[in-house]
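Please open the model in your viewer and keep the selection panel at hand.

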Amino acid sequence: RTELLPRAQARLGHVDRLDDSIAVLEAAARALPDRLLAGEDVETASVDLMRRARLMLDAHGSFVSVAGFGGHGVIEDRPPLRLAFVDMAIESDFVGILEVARELESDSTLGLEAVSISGSHGEATSAAAERLTATVRVSGWFRPESGGEESASPLNAVRR
C-alpha cells in the first residue's frame with residue numbers, strides 16, 4: 001500500500017490537465033460546424049463554398065467583380081472530411097486580385113488552391129487602370145454522408 005499510494009497519486013496528478021484538454025476539444029468541436037461547408041456531398045458543399053466566396057468578395061464592393069463560377073470537385077479525402085474546390089473567375093486590377101488572395105489565405109474556412117491571371121496586352125493609360133481576369137480555385141472542408149455509421153465527432157473519441 002505504501003508503494004502503490006504514491007504511484008496512484010502521481011498518475012492522478014495529471015487529471016486536471018486532461019480536463020483542460022477536454023475543454024479545448026469541446027470548444028474546437030463547437031466551432032467546427034462554422035468552419036465546415038454545409039452539405040454531405042460535393043455538389044451541396046460546392047454551393048455553400050460558392051456562397052461563402054461570394055460573400056467574401058462582396059465585401060470589396062465594385063472593386064472586384066465575380067465573372068462566374070466554373071468546375072468543382074474533391075481534391076483531398078481525409079476521413080471523416082473531404083476538401084472540395086470551386087473555380088471562380090474574378091475581374092479587378094492587380095492590387096484587387098492580391099487583396100482577394102490575401103483575404104482567402106487569412107480566412108479559416110476558405111483556402112486558396114491556385115490563381116491564374118490574364119489581362120489585355122494593350123497599353124494602359126494613366127487615366128484607366130488595367131482590368132485583369134483571374135481564375136481562382138477556392139477550397140473548403142465538408143463532412144460527407146456517413147451512411148448511418150457513428151458520428152466521427154472528436155468528442156466521441158475523447159469520451160471513450
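A search of the whole structure finds six salt bridges, each being a side-chain nitrogen of Lys or Arg within 4 Å of a carboxyl oxygen of Asp or Glu. The model is predicted, so that local features need pLDDT of at least 70 and side-chain atom pairs count only at pLDDT 80 or more, while totals for chains, interfaces and linings use all residues. Residues are numbered from 1 along each chain as its sequence is written, and side-chain values use heavy atoms, with hydrogens and water left out.

Select Glu76 and Arg78, whose side chains meet in a salt bridge at 2.4 Å, N to O. Arg78 is exposed, with a relative accessible area of 52%, whereas Glu76 counts as partly exposed at 26% (buried is under 20% relative accessible area, exposed over 50%, partly exposed in between, with a 1.4 Å probe and protein chains only).

Next, select Asp48, Arg51 and Arg52, which a network of salt bridges links.

Now turn to Val64, in the loop between α3 (42–58) and β1 (65–78); helices (H or I, at least four residues) and strands (E, at least two) are DSSP runs, numbered from the N terminus. Val64 counts as buried, at 5% relative accessibility. Beyond its neighbours within four places in sequence, Val64 is in contact (heavy atoms within 4.5 Å) with residues including Leu57, Ile90 and Val100.

Finally, select Leu57, Ile90, Val100 and Leu104, which are among the residues with the most contacts inside the largest nonpolar core, a set of 24 residues (buried Ala, Val, Leu, Ile, Met, Phe, Trp, Tyr and Cys residues joined through side-chain atoms within 4.5 Å). To this core α3 gives the most, with six residues.
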